[in-house]
Amino acid sequence: MTATVLVVEDEKKIRDLVRGMLEREGLTVVSTGSGAEAIDLAGRIHPDLVVLDLGLPDVPGEEVAREVRRLAETPILMLTAKVTEADRIRGLELGADDYLTKPFSPRELVLRVQAVLRRGRAPAAAGGPASFGGGQLVIDDERHQATVRGAVVELTPTEWGILVALAGVPGRVYSRFELINRVRGYEFEGYERTIDSHVKNLRRKVERDPAAPAIVETVLGAGYRLGLTRDG
Ligand code: CA
């Protein structure tokens, strides 16, 4: 199956460059320079990934991201001229799965796209769903589905990756650096704080009280761990 990537970038030169690079990787590419058209396209073609420029002339990239997220948990790779870490974190809070600052190298873009797509399609593990904390949390790798207290939660690929990584060995502490590598499969510019943003979003979805997390626990100065034990 070929993955479809929606490329949203108003600068034609960059748009064509990105399209060419991704097509060479065997991906199907649909591109547009308009945020409004991007929202419309996302609803019709159901892309596997959206490469989104934050600075669009008609609709702000942030709004496009929100709309795309409202439709589906489609992974988003943001392109931006903004460089501060605060901007990165804001983008990640908006649900971006990864960030690329302009100017970026073609190779870097291809690696990021491949990593995000890989995360979205983690290979199914054998053995059926794994249950934790007396059934409070059930992770079904085959269906790519997490159930918390009986309800299915919609997670982004990055949130899913963090949860699955922590559930690998419940109680074991995973450092931010380790989580970045496990989730992304490569070093992510050392921005370890970006993991915190994803954990914050993840907690909003899985914790009864995100201010007093019982599932994704913080271990001060060390990282995160799953606060539940595995059942059975
Ligand atoms: Ca732009």
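First, the ground rules. Residues are numbered from 1 along each chain as its sequence is written, and side-chain values use heavy atoms, with hydrogens and water left out. Because the model is predicted, local features need pLDDT of at least 70 and side-chain atom pairs count only at pLDDT 80 or more, while totals for chains, interfaces and linings use all residues.

Start with the metal. What coordinates the calcium ion? Asp 10 (OD), Asp 53 (OD) and Gly 55 (O) do, at 2.2 to 2.4 Å. Donors here are N, O and S atoms within 2.8 Å of the metal, or 3.2 Å for Na, K and Ca; water is not among the atoms, so sites may look incomplete. Along the chain the donors are spaced D-x42-D-x1-G. Asp 10 sits in the loop between strand 1 (4-8) and helix 1 (12-24), and Gly 55 in the loop between strand 3 (49-53) and helix 3, so the pair ties together parts 45 residues apart in sequence. Helices (H or I, at least four residues) and strands (E, at least two) are DSSP runs, numbered from the N terminus.

Are these two buried or exposed? Asp 10 is partly exposed, at 31% relative accessible area. Gly 55 is partly exposed too, at 48%. Buried means under 20%, exposed over 50%, partly exposed in between, with a 1.4 Å probe and protein chains only.

Next, a helix pair. The axes of helix 2 (residues 35-45) and helix 3 (residues 61-71) come within 10 Å and cross at roughly 10°. Axes are lines fitted to C-alpha atoms, for helices over the stretch in contact; angles run from 0 to 180 degrees between N-to-C directions. The two helices are therefore roughly parallel, a label for angles under 35 degrees. Helix 2 brings Gly 35, Ala 38, Ile 39, Ala 42 and Gly 43; helix 3 brings Val 64, Glu 67, Val 68 and Leu 71. Contact means heavy atoms within 4.5 Å.

Now the cores. A nonpolar core is a set of buried Ala, Val, Leu, Ile, Met, Phe, Trp, Tyr and Cys residues joined through side-chain atoms within 4.5 Å. The largest has 27 residues; Phe 132, Leu 137 and Leu 163 are among those with the most contacts inside it. Helix 6 (157-168) is one of the elements giving two or more residues. Helix 6 gives the most, six residues. Apart from this core lies another, of 20 residues, including Leu 49 and Val 113.

Last stop, Pro 213. This residue is in the loop between helix 8 and strand 10 (216-219). Pro 213 is partly exposed, at 25%.

Key:
Parallel < 35°, antiparallel > 145°, perpendicular 65-115°, else oblique.
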